[in-house]
Amino acid sequence: MAVGSTLTAAISLSGLAKSFGVGKQVFSDISFDIAPGSLVALIGANGAGKSTLLRCIPRLIDPDQGEIKVLGADVLAGRRGLRSIRSRLGFVFQKHNLVGRLSALSNVVHGAQARRYGPRAWHQALSPQSLRAEAMACLDRVGLASVAAQRADSLSGGQSQRVAIARALMQRPDIVLADEPAASLDPQAGDEVMALFATLMREERKTVVFTSHNLTHALAFADRVIALGTGRILLDAPTQGISEGTLRTLYG
Amino acid sequence: MADHILPSRMGRPSLLTFVLTLAVAAFVISSFSTSGVSLEKLVRGLPALGRLADQMFPPSLERLQPVLWSLLQTFQMAVAGTVLGLFFSLPLAILAAPSLSPHPLIVWAVRGLVAFFRTVPDLVWAIVFVIAVGLGPAAGVLALMVDTIGFAARFFAEAMEETDKGPREALTAMGASRSGIIFSSVIPQALPSMINTSLFSLEKATRGSVVLGLVGAGGIGIELKVSLELFDYDQAATIIIAIFLLVLVVERASTWVRGRIL
C-alpha cells in the first residue's frame with residue numbers, strides 16, 4: 001500500500017520523554033523520523049527504555065512530553081482517531097500474545113479486527129470464507145498452514161511467534177512494530193523467526209521498527225540502527241557504516 | 001553452645017486479643033442458651049423422631065407418578081432459572097470487571113446489585129415473585145434466575161479479570177473494538193472457569209428449586225408440604241428420597257461433565 005508519496009516520514013517522534021513515578025526517568029528528548037519502507041533496529045541494554053519507547057508509538061503507554069506522528073496523524077491528539085491510527089500499525093510482541101485456547105487460524109483472523117468490527121472477526125468459525133482464506137494465506141506465508149487448526153498453546157515458541165507475525169500481516173498494516181520478537185525463543189528459533197520476519201517485511205514493503213538486544217540481529221536485518229542508552233540516543237546511523245565492535249563499545 | 005531460653009508454648013496475648021477471645025466465647029455460649037438446644041431436649045425428642053421414621057417406612061409408592069412429574073417440573077424450573085440467570089450474568093459480569101467496564105461507577109453499582117441479589121435468600125426472592133407474578137413455577141424460575149445472577153455474575157467477573165492481559169494488549173494495539181477484545185480474547189480465556197461456575201449454578205438451583213414450593217413458587221416443595229401437613233409421612237418419605245436422588249444425579253452429572261471439559 002502506498003504510504004502517500006508526499007509523506008517523508010512514516011513515524012516521526014520529537015522531544016519524547018517518559019518517566020515512571022518521580023525521578024525514575026526512562027528517556028527524555030527523543031527525536032527521530034522513520035522513512036517509509038525502512039527497517040530500523042532500536043537497540044539498547046536491558047532497561048534502556050526501548051520497549052517503553054516502542055509502546056508509546058501506538059499509545060499503549062502515554063508519554064509525558066513530546067509529539068508522535070504516525071503517517072502524518074497525531075497519535076496524542078485524542079482518543080477519537082486513535083483506533084484508526086492503531087489499525088495501520090501492526091505490533092509483534094516479545095511474548096507473542098496469542099489467545100492460547102483458540103486455534104492458530106482464529107488468532108490470525110483476529111488481525112482483521114483492525115478493519116472490521118463485529119463477530120465475524122472474533123473466531124474463525126464465525127468468519128466468512130474470504131476472511132478464512134486470507135488468514136490461511138497469511139499462515140502459509142509464515143510456513144504454518146499445516147497447523148491452522150491447532151490450538152495456539154500447543155505450538156512451539158517459534159511457531160507461536162510466527163502465528164503472531166501472520167496475525168500482523170492479516171491486519172494489512174503500513175507499519176509493523178516488533179518488541180524483541182526473538183527474545184523469548186531459543187537462539188536457533190530466534191534467528192529463524194527474525195530472518196523470516198525481515199524477509200516478509202521487505203517483500204511487503206512495510207515500514208518496520210524492531211527492538212532488540214541482539215546486535216547481530218540489528219546489523220543483519222536493519223537498514224538503520226538507533227541505539228538507546230541512559231535515556232538518550234547514543235547513536236543513529238545507517239547499518240552499513242557500523243561494525244558490531246562499534247556497538248559493543250557503546251555498551252562497554 | 002550458648003544457653004537458650006525455651007520459648008513459652010504460646011505467646012503472651014495482648015489485652016485486646018484476650019478481651020476479644022472472651023467476648024467471642026461468651027457469644028458462642030449465649031447462642032446455645034438463646035436457641036434452647038440442649039442434650040436433654042435432643043434425648044427427649046428421640047422417641048418422636050423414631051415414631052416419625054416408623055411412619056415414614058415403608059415409603060408409599062401410591063402417588064409415585066405425580067411425584068415424579070412434579071420432580072421433573074422442579075428440575076425444569078432449575079434449568080430455566082439457571083439459563084436465564086447465566087444469560088444476564090454475562091453482560092453484568094463485563095460491567096462489573098474493572099478492566100472491561102466503561103466506568104468505575106458502573107463497576108461499583110453493578111457489584112452492589114449483584115451482591116444484593118446474592119445476599120437476599122432465594123426463598124425471600126420466591127416470596128417476592130409470588131407476590132409479583134402469582135403462585136406457580138414462573139415465580140420460582142424468576143427467583144432462581146436472580147439467585148443465579150448473584151452467584152454467577154460475580155464469578156464470571158473474577159474469571160474475566162484474571163485472564164492474561166497480553167492478548168488483550170495485542171488487540172488493543174491493532175485498534176480492535178472493546179466488544180472485539182472481550183469476545184475474542186477475554187471470554188475464550190475465561191471459558192473453562194465460566195463453564196465450571198455455570199455447572200455449580202445448576203447444582204445450586206436444583207437444590208434451591210425443591211424448597212421454593214413451600215412458598216407456592218412451584219415445584220415439588222408443595223407436594224412435600226401437603227403430605228407433611230396431612231400427616232402422610234410415608235408419602236413425604238417418597239418425596240424426600242426422590243429429591244435426594246435428583247440432587248445426587250445432577251451433582252454427579254455435573255462432576256462428570258466438568259471432568260470431560262476441563
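Axes are lines fitted to C-alpha atoms, for helices over the stretch in contact, and angles run from 0 to 180 degrees between N-to-C directions. Helices (H or I, at least four residues) and strands (E, at least two) are DSSP runs, numbered from the N terminus. This is a predicted model, in which local features need pLDDT of at least 70 and side-chain atom pairs count only at pLDDT 80 or more, while totals for chains, interfaces and linings use all residues. Residues are numbered from 1 along each chain as its sequence is written, and chains are lettered from A and ligands numbered from 1 in the order in which they are written.

View 1. Two residues are in contact if their C-beta atoms, placed from the backbone, lie within 7 Å.

**View 2. Chain A holds an open sheet of 6 strands.** The strand order is 6-7-8-3-9-10, with mixed pairing. Two strands pair if DSSP finds at least two bridges between them. Strand 6 and strand 10 (232-238) of chain A stand at the edges with a single partner strand each, so one side of each has no neighbour in the sheet. Neighbouring strands are turned by 15 degrees against each other on average, direction ignored. Strand 3 (residues 39-44) and strand 9 (residues 224-229) of chain A pair in the parallel sense over 5 bridges. A:Gly44 stands opposite A:Leu228 in strand 9 of chain A.

**View 3. An open sheet of 4 strands in chain A has antiparallel pairing.** Its order is 2-1-4-5. Strand 2 (25-34) and strand 5 (73-74) of chain A are the edge strands, each with a single partner, so one side of each is left without a neighbour in the sheet. Strand 1 (residues 11-19) and strand 4 (residues 65-70) of chain A run antiparallel, joined by 5 bridges. A:Ala17 stands opposite A:Gln65 in strand 4 of chain A.

**View 4. Helix 2 and helix 10 of chain B pack at an angle of about 80 degrees.** Helix 2 spans residues 39-56 of chain B, helix 10 spans residues 233-261 of chain B, and their axes are 7 Å apart. The two helices are therefore roughly perpendicular (65 to 115 degrees). From helix 2 of chain B, the contact uses B:Leu52, B:Gln55 and B:Met56. From helix 10 of chain B come B:Tyr233, B:Asp234, B:Ala236 and B:Ala237.

**View 5. Chain B touches chain A.** Here 18 residues of chain B are in contact with 24 residues of chain A. Helix 7 (165-173) and helix 8 (178-212) of chain B each give two or more residues to the side of chain B that touches chain A. In helix 7 of chain B, the buried residues (20 or more other C-beta atoms within 10 Å of their own, C-beta atoms being placed from the backbone) include B:Pro167, B:Arg168 and B:Leu171. The buried residues of helix 7 of chain B pack against helix 2 (82-87) and strand 6 (89-92) of chain A, together with helix 8 of chain B. Just after helix 7 of chain B, B:Gly175 takes a positive phi of about 85 degrees.

Note on methods:
A residue is buried if 20 or more other C-beta atoms lie within 10 Å of its own, exposed if 12 or fewer, and partly exposed in between; C-beta atoms are placed from the backbone. Angles under 35 degrees count as roughly parallel, over 145 as roughly antiparallel, 65 to 115 as roughly perpendicular and the rest as oblique.
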